[in-house]
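Subject: Structure handover

Hello,

Please find the structure below. My notes on what was found in it follow.

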Amino acid sequence: MSCDPKTFNGVGRNVLEQLKAKLSGIGYNLEGTSGTIHGPMGIVLDYAWNETDSTLFIHVTSKNMLLPCTKIYSELEKAIESCKKAEG
């Protein structure tokens, strides 16, 4: 079961690096600026960061059917916003 893709805006290099560190602590290891992650709870996602536009594209391609897409994207948005605030 997949989710509709989502693009997060305002994700500069520093925010991306903070996000990578935050997500690696919970089992999602983003390497480089694009790729596929096989994380906990059966979540598989594709990601691609665009430096020019400061956007992060995320597409959940597989997940546990009991876990809503809205919850996954909500948690990602919280993590991104937290990184933006930490950047100052």
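Glu17 and Lys20 both sit in helix H1, three residues apart, which is about one turn of the helix. The model is a predicted one, in which local features need pLDDT of at least 70 and side-chain atom pairs count only at pLDDT 80 or more, while totals for chains, interfaces and linings use all residues. Residues are numbered from 1 along each chain as its sequence is written, and side-chain values use heavy atoms, with hydrogens and water left out.

Glu17 and Lys20 form a salt bridge, with 3.6 Å between the closest N and O atoms. A salt bridge here is a side-chain nitrogen of Lys or Arg within 4 Å of a carboxyl oxygen of Asp or Glu. An α-helix has 3.6 residues a turn, so residues three or four places apart point the same way. Lys20 is buried at 14% relative accessibility, whereas Glu17 is partly exposed at 38%. Buried means under 20% relative accessible area, exposed over 50%, and partly exposed in between (1.4 Å probe, protein chains only).

Helix H1 covers residues 13–24, twelve residues in total, and spans 16 Å from its first C-alpha to its last, close to the 16 Å expected at 1.5 Å a residue. The expected span is 1.5 Å times one less than the number of residues. Helices (H or I, at least four residues) and strands (E, at least two) are DSSP runs, numbered from the N terminus. The buried residues of H1 are Val15, Leu16, Leu19, Lys20 and Leu23. They lie on the same side of H1, because they cover an arc of only 140° around the axis; the arc is that of the directions from the helix axis to the C-beta atoms. These buried residues pack against strand E3 (44–50), strand E4 (55–62) and helix H2 (69–87), where contact means heavy atoms within 4.5 Å.

H2 has 19 residues and reaches 27 Å from its first C-alpha to its last, close to the 27 Å expected. Its buried residues are Ile72, Tyr73, Leu76, Ala79, Ile80 and Cys83. They share one side of H2, because their arc around the axis is only 120°. On the other side of H2, Thr70, Lys78 and Lys85 are exposed. The cover over the buried residues of H2 includes strand E1 (6–9), H1 and E4.

The structure holds five salt bridges. One of them joins Arg13 to Glu51, with the closest N and O atoms 3.2 Å apart. This pair links distant parts of the chain, since Arg13 is in helix H1 and Glu51 is in the loop between E3 and E4, 38 residues apart. Arg13 is partly exposed at 41% relative accessibility, and Glu51 is partly exposed at 48%.

In H2, Lys84 and Glu81 are three residues apart, so about one helical turn separates them. Lys84 forms a salt bridge with Glu81, the closest N and O atoms being 3.3 Å apart. Lys71, Glu75 and Lys78 are linked in a network of salt bridges.

Last, the surface. Met1, Met65 and Leu66 make a nonpolar surface patch of about 430 Å². Patches are made of residues with over 30% relative accessible area and no salt bridge; like charges are joined within 9 Å, and nonpolar side chains (Val, Leu, Ile, Met, Phe, Trp, Tyr) within 5 Å. Accessible areas come from the Shrake-Rupley method with a 1.4 Å probe, and for residues only the protein chains shown count as cover. Leu66 is in the loop between E4 and H2 and is exposed, with a relative accessible area of 73%.

Regards
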